[in-house]
Amino acid sequence: MTLPGRPLRVAMLAPIAWRVPPRHYGPWERVVSLLTEELVRQGAQVTLFATADSLTAAALSATAPHGYEERPDAGGAGPDGAALDVKVEEALHLGSLFRQAGQFDVIHNHADFLPLSYAALVGTPMLTTIHGFSGPGILPAYRAAGGGTFVSISDSDRHPDLTYAATIHHGLDLSELTFNPRGGPDLIFFGRMHPDKGAADAIRIARGAGRRLLLAGIVQDHAYFEREVRPHLGAGVQYLGSVGPAERDRLLGGALALLHPIHFDEPFGLSMAEAMACGTPVIAYRRGSVPEVVGVDGGYVIPEGDEAAAVRAVHAAVTFDRRAARARVERLFTAPRMARQYLREYHRLLERPPAVPESGRAARPFTPLAVPS
């Protein structure tokens, strides 16, 4: 993808909670990695703003050596004895990008609401992928930033107060997710140990179905884990911790079904698409993006809290057409498709006459572009 005479220059702004790509957990960082690498393959000139230990074929610009969630001294003192402050890490990270903004045609923000405060100060247009809302308290930042520059990751995650340029579903690198036509006898749960994700529900469903359950994911709510999960470990329930890409591929492909009995409005649910890519059907409660991602050929969407229906779905999964789940992902959730859609939105953004930055600095020259079909 090029502008007249040169490649499109994209500044890709990642969060700095985890490395890009993450070693195990970090769904936003994983999507940034998938998109960045695919844009490079499609000819864009991408600079990834992420942690210094990130791995990419793009140019890398970094101020933070490691993700603040995985530093050995996380929550404690830094090498100089000073307490680490995540806000300072993020301010340095954002400041680095916006000082270089004039070198790019487009800034692509994956770092939530804070960069929105800086966008009006530079002439380079910014597109923001909203990976989810942590709460209503962050909405004023989005409302103040104006409409038309936001991308939702599912139709169900759109907020009625905001205007969106498009919905672009996440895309996967299918070479990392092996189709397994047979699966296995066990059930798998992939997600944070938190009431939202329903690990305790998954344990009850697995026991109701008489199946062994493997749990994988970080412990985000320690009280919940100790109260609702740990007491049940050992009797047909095994906790594996947070696992990396290779182990995820093996576990998802080797399962009878992925249990996803959530109690919140899932913005997208990357693990559901990953399971389907391996041919493993999803058994999920109908919340948020679940019907949109799973559809009718990716598994079973059942009413929230209906554990009896979930148990019946486990029994039905034995004869599930695993090729249909894989075909759904090949059709809807690939990295090349995701990158093409974002390139189209970049070009639509560049078609607009440039806004005058509030800083008074010169805006980019305006070059009308044809929008790719």
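Two strands count as paired if DSSP finds at least two bridges between them. Helices (H or I, at least four residues) and strands (E, at least two) are DSSP runs, numbered from the N terminus. The model is predicted: local features need pLDDT of at least 70, side-chain atom pairs count only at pLDDT 80 or more, and totals for chains, interfaces and linings use all residues. Residues are numbered from 1 along each chain as its sequence is written, and side-chain values use heavy atoms, without hydrogens and water.

Strand β4 (residues 45-49) pairs with β5 in the parallel sense over 3 bridges. Phe-49 stands opposite Ser-61 in β5. Both strands belong to an open sheet of 7 strands, with parallel pairing and the order β5-β4-β3-β6-β7-β8-β9. β5 (59-61) and β9 (164-167) are the edges; each has a single partner strand, so one side of each is left without a neighbour in the sheet.

Helix α1 (residues 27-41) lies across β3 (9-13), β4 and β6 (106-109). Its direction is at about 155 degrees to β4. Axes are lines fitted to C-alpha atoms, for helices over the stretch in contact (heavy atoms within 4.5 Å). Angles run from 0 to 180 degrees between N-to-C directions.

The structure holds 9 aromatic pairs. Rings of Phe, Tyr and Trp (its six-membered ring) pair if their centres lie within 6.5 Å; planes under 30 degrees apart count as stacked, over 60 as edge-to-face and the rest as tilted. The ring centres of Trp-18 and Tyr-25 are 5.7 Å apart and the planes stand at 80 degrees, so this pair is edge-to-face. Phe-133, Tyr-142 and Phe-150 form one aromatic cluster.
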